[in-house]
Amino acid sequence: MFHKQECVAMLLAGGQGSRLYALTKALAKPAVPYGGKYRIIDFPLSNCVNSGIDTVGVLTQYQPLVLNDYIGNGQPWDLDTINGGVHVLPPYQGQNGADWYKGTANAIYQNISFIERYDPSYVIILSGDHIYKMDYSVMLEYHKEKQADCTIATLEVPLEEANRFGILNCNEDGSIYEFDEKPKVPKSNKASMGIYIFTWEKLRKYLVQDEENADSSNDFGKDVLPSMLNAGERMYAWSFDGYWKDVGTIDSLWEANMDVLDPNVPLDLADKSWRIYSRNPAMPPHYIGNNAKVQNSLVTEGCNVYGELEFAVIFAGVTIAKDAKVNSSIIMPGAVIEEGARVEFAIVGENAVIGKGAVVGCDPQSVENRENWGVTVIGPKVKVGEDAKIAPKAMVEADVEKGAEVQ
Amino acid sequence: MRGNKILGIIFSHTQDDKLRELTDVRTTGSVPYGGRYRLIDFALSSMVNSGIEKVGVITKSNYQSLLDHLGSGKSWGLSRKNSGLFILPPFGRGNVLHESKVEALCNNAKFISHSLEDYVVLSDSDVIYSLDVQKVVDQHIAKGADITAVYKEGAAPEQLGASLMFNFNEEGNAESVLIDSQCQGTCNYGLHIYVMHKEFLLSAVKEAYGHNRLNFSRDIIAAEVAKGNVYGYKYTGYSAVIGSMKQYFDASMDLMKPEIRAELFGSNPVYTKIRDEMPAVYGLGSEVENSLIADGCQINGYVENSILFRGVTVGAGAVVRNCIVMQDTSIGENTKLNYVVVDKDNSIGAEREFAGEESYPVYIRKGSLI
């Protein structure tokens with residue numbers, strides 16, 4: 001027997017994150033490291049637990065090994081509970097054959113029986129792509145107060161950027177009358193955050209209906225939400241006004257990491273009342289050696305720093321050797337920056353090695369044509385040879401020989 | 001059966017009277033060490049890394065912080081259905097509070113005899129080490145020993161609590177043992193870690209207790225050495241025995257050496273309670289040299305030759321030299337500290353100044369407002 005849960009969370013974590021290229025070659029986007037000791041999925045998982053939601057289904061599909069391993073039994077997030085807990089839900093074979101998750105709505109459809117075990121009144125749909133701290137219980141209260149069938153979390157974006165988002169046009173009472181996907185002339189600046197609360201009965205009905213429609217792409221944004229609106233269901237927008245960042249591209253991932261170093265950005269990871277939990281690597285405190293210089297940086301357990309850090313986010317177990325300089329960069333777990341190497345405006349993947357005297361990336365000021373500038377990415381486990389030179393905006397997925405130059 | 005047939009027993013309290021200030025508010029096992037650990041983490045992690053699945057922790061007094069630290073044993077992988085972590089309260093039999101290790105073991109004889117494991121490893125929690133206990137037990141069996149004592153060869157630490165100095169023959173058999181004596185130069189000093197067969201341990205402590213011989217070192221170890229079947233196991237890794245504030249300070253500063261960190265943390269992890277703090281934040285104008293910094297620290301001042309525990313804040317212009325600053329302590333702007341051990345939850349205001357000496361660090365007790 002399962003205890004009834006008021007609200008079950010379904011976390012869409014199957015995304016490939018193809019615009020992160022080398023970083024997501026072997027792992028799903030929600031497993032991408034972020035903020036010195038976290039992975040992206042720590043944010044929605046911690047939000048769930050802090051909001052009092054302790055039944056979470058994580059829908060995986062693309063490269064799930066690292067993600068599955070990371071989630072484990074959910075213990076780091078206190079999700080190893082007697083009732084509920086975290087459940088990894090990959091696509092499976094049923095009596096009538098097997099299917100990949102065809103779209104976001106289809107992924108939930110295929111797991112209706114998982115949801116029904118808990119007999120929930122509400123289901124919240126989350127994605128594993130965003131960095132934000134949100135109290136879902138406040139949104140759920142709003143959903144109940146409005147007696148809504150569906151509530152969509154929205155963020156006010158600058159009107160000139162609204163054409164990049166799914167925009168919701170609302171009446172004064174917050175009810176939605178129109179969806180406007182990437183509008184050329186936006187009527188509002190309320191962008192959908194991809195966070196939905198549904199009254200389960202209603203969602204179930206529309207998921208079944210959507211599945212029967214052969215023309216549907218089985219997507220929440222494109223199919224399920226519009227058909228609910230057309231049918232006149234009660235749909236409301238709930239405004240969120242905290243920090244929120246989609247880390248779907250190299251630039252946005254880099255920026256979101258740099259945001260942690262900016263005291264003016266409203267993302268407080270030190271807040272004890274809303275901790276972000278993560279799986280701990282069991283390493284000693286980090287060591288800062290003689291002659292090291294560390295400024296405006298984030299450093300975590302297991303690191304050994306003998307060189308210089310400025311605007312750097314350094315993950316667990318990283319070594320920064322003597323005379324190495326890291327500026328405005330993200331160094332992911334286990335990477336080694338050898339003596340005299342220089343890393344600027346770059347993301348160095350897990351367990352990569354930057355050889356002695358190598359130069360990776362550069363400052364945008366030092367490039368004549370800004371078009372040619374961008375954040376440099378060194379893929380996981382890649383070895384960059386001694387004195388090699390990696391140009392800005394390069395995406396390095398294979399080892400680089402000693403002294404070589406990569407554009 | 002599951003597991004490796006070894007039962008772990010850790011005495012959490014054996015140096016409570018020697019560490020005075022540090023153990024005013026806690027027992028030896030929960031003395032903070034190394035930026036994010038408590039002393040007991042080393043014995044406990046060694047046991048877990050050796051495949052031990054059942055560990056009993058003997059307590060005596062002042063153990064609230066130890067209970068808080070250990071919890072269900074989750075952080076050490078010891079929250080289990082079968083075996084796992086057992087906190088053994090001081091009143092094991094009736095209301096007799098144990099005064100010695102022999103009494104403590106007698107009080108917990110049922111816990112030991114009911115365990116399915118064949119061998120028992122006993123450890124104090126005042127020693128920092130990383131030991132493969134399985135190897136000690138393998139040698140114990142190979143030698144057919146009654147007791148195997150883990151020792152280290154070298155200059156004995158000063159003020160080694162209830163220390164034992166062994167003389168071994170070529171076979172590693174102990175020929176004699178000296179208790180609480182001083183020795184010049186190299187000697188074989190015990191690390192308070194012993195392996196015995198469960199039945200041997202039970203009968204030895206019952207016998208000693210029956211004759212009111214309650215001194216574990218004298219009445220069990222030395223007595224058995226006289227009978228001729230005690231062997232030594234030579235430990236060659238890093239170890240530190242914490243028997244005084246000075247030793248505590250020196251053992252902490254040892255962690256600045258990369259080779260010692262590699263020995264202690266390199267091959268086997270040391271587990272501790274997880275606090276989910278964010279990474280340490282270094283502000284503009286922060287300057288740090290030769291220091292060990294834990295997660296959750298916010299540093300805006302100057303830090304040198306120091307250990308900062310989780311959640312320590314250092315204000316702008318502050319100068320922290322040769323200090324150990326325990327968890328959640330804040331150091332105000334322009335405050336200067338040199339050779340100070342600051343216990344946890346302290347709030348040191350701005351423009352303060354404290355200085356001790358290398359041979360006698362100043363200690364600031366837990367929860368002070370300065």
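Buried means under 20% relative accessible area, exposed means over 50%, and partly exposed lies in between (1.4 Å probe, protein chains only). Keep that in mind for the first stops.

This is a predicted model, where local features need pLDDT of at least 70, side-chain atom pairs count only at pLDDT 80 or more, and totals for chains, interfaces and linings use all residues. Residues are numbered from 1 along each chain as its sequence is written, chains are lettered from A and ligands numbered from 1 in the order in which they are written, and side-chain values use heavy atoms, with hydrogens and water left out.

**Stop 1: two loops in chain A**

Select Ala282(A). This residue sits in the loop between helix H8 (250-261) and strand E16 (286-288) of chain A. Helices (H or I, at least four residues) and strands (E, at least two) are DSSP runs, numbered from the N terminus. Is Ala282(A) buried or exposed? Ala282(A) counts as buried because its relative accessibility is 15%. Its phi is near 55 degrees, a positive value in a residue other than glycine.

Now select Gln147(A). Look in the loop between helix H5 (136-145) and strand E10 (150-156) of chain A. Gln147(A) is not a glycine, yet has a positive phi of about 45 degrees. Its relative accessibility is 60%, so Gln147(A) counts as exposed.

**Stop 2: where the chains meet**

Show both chains. Here 35 residues of chain B are in contact (heavy atoms within 4.5 Å) with 37 residues of chain A. The size of an interface is often given as the accessible area lost when the parts come together. Chain B and chain A bury about 2900 Å² between them (accessible area lost on being put together, 1.4 Å probe, summed over both). Of that area, 47% is on carbon and sulfur atoms. Select Asp276(B), Met278(B) and Tyr282(B). In chain B, these three lose the most area to chain A, together 22% of what that side buries.

**Stop 3: a salt bridge**

How many salt bridges does the rule find across the interface of chain B and chain A? There are three (a side-chain nitrogen of Lys or Arg within 4 Å of a carboxyl oxygen of Asp or Glu). Select Arg36(B) and Glu301(A). They form a salt bridge, with the closest N and O atoms 3.1 Å apart.

**Stop 4: strands across the interface**

Select strand E18 (residues 297-299) of chain A. Three bridges join E18 of chain A to E14(B), and the two run antiparallel. Strands pair if DSSP finds at least two bridges between them. Finish on Val299(A), which stands opposite Ala280(B) in E14(B).

Note on methods. Buried area = accessible area lost by both parts, 1.4 Å probe.
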